[in-house]
Amino acid sequence: MNSDIVMKTEHLTILREEYSSCTKCPKLCETRDKIVFGAGTPSPDILVIAEAPGVTENTRGFPLIGDSGRVLDYLLSISSEDERLHKLAKSFSFSRGGFGKNTYIWPDHEKAKTILCESIFYTNVIMCWPGKGNRDPETSEIENCKERLLKTIYITDPKLIISVGAFAAKTIMNKRSFSIMKERGRINDAITTGTYTQIKYPIMPILHPSYLMRNPDFESDSGIWASTKKDIKKAYKVIKELKRCWSI
């Protein structure tokens, strides 16, 4: 195994253990079953950062595997150049329900997740489920988990960060106000603290899958689903160009 990956794995393991019994946030200690640290390759092309674990993630202790995660992984798969993922994405389907309760089914999600984890690391702004209703994390909860998030970015050293939804983007870029509709698909700078100096990472905000799920234009060539696929394809192109430049 690559020595760099071994070192990163060790550092992530230490960080995970450090926060495995965290009690800094009393409310979150009451609602969570498991701390959802993160998962994927320790040396990713993409670091995906969402807001917080949902009920499914809380039960299984694995990030972005619920309904929103399933849709996100479909978009990551269909937008990539990996033919394995394209084949698996063909089993993704949609059925319209009443009162906006649409259903998105993907029998091959776990297979696709395994492949995606070869080049992606998934985590959240906070590690604990906020409880029923999935409320936004409080300022103190964000601050209590911020050092862990920044260390995760620093250890994994991704080529690009994808922030899922406005909340994650605001947190990572330290912006009080943020329009996801204006900024989605744009490459911004995320500045983190390294050992000796600040480090800049390219970050692309995308629309949250839960928003897409409430606004189904799944088969349209010009709606928000198509726009999000275009944004993620752009992210893959940026990574490809970075790899090309670094290899020169």
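The lining of the second largest pocket in this predicted model divides by class into nine charged, six nonpolar and three polar residues. Those lining residues number 18, and Asp45, Ser80, Glu81, Tyr236 and Lys243 are the ones that lie nearest the centre of the pocket. Three helices, α5 (83-89), α6 (109-116) and α11 (224-247), each contribute at least two residues to this lining, and the largest share, six residues, comes from α11. The space in the second largest pocket amounts to about 390 Å³.

The largest pocket, for its part, has a volume of about 630 Å³ and is lined by 25 residues, with Asp67, Ser68, Asn134, His208 and Ser210 lying nearest its centre. Sorted by class, the lining of the largest pocket holds eleven polar, eight nonpolar and six charged residues. At least two lining residues of the largest pocket come from each of α3 (55-60), α4 (67-79) and α10 (209-214).

In soluble globular proteins, nonpolar side chains tend to be buried together. Here the largest nonpolar core comprises 66 residues, among which Val48 and Trp225 touch the most other members. If neighbours within four places in sequence are set aside, Val48 is in contact with Leu64, Leu72, Ile120, Phe121, Tyr122, Thr123, Ile162 and Val164.

Notes
Residues are numbered from 1 along each chain as its sequence is written. This is a predicted model: local features need pLDDT of at least 70, side-chain atom pairs count only at pLDDT 80 or more; totals for chains, interfaces and linings use all residues. Side-chain values use heavy atoms; hydrogens and water are left out. On a 1 Å grid over the protein atoms alone, a cavity is a set of points where a 1.4 Å probe fits but cannot get out, and a pocket is an open set with protein on both sides within 12 Å along at least five of seven lines; lining residues have an atom within 4 Å of a point. Grid points are joined across faces, edges and corners, and a volume is the space filled by probe spheres set on the points. Helices (H or I, at least four residues) and strands (E, at least two) are DSSP runs, numbered from the N terminus. Ala, Val, Leu, Ile, Met, Phe, Trp, Tyr, Cys and Pro count as nonpolar, Asp, Glu, Lys and Arg as charged, and the others, Gly among them, as polar. A nonpolar core is a set of buried Ala, Val, Leu, Ile, Met, Phe, Trp, Tyr and Cys residues joined through side-chain atoms within 4.5 Å. Buried means under 20% relative accessible area, exposed over 50%, partly exposed in between (1.4 Å probe, protein chains only). Contact means heavy atoms within 4.5 Å.
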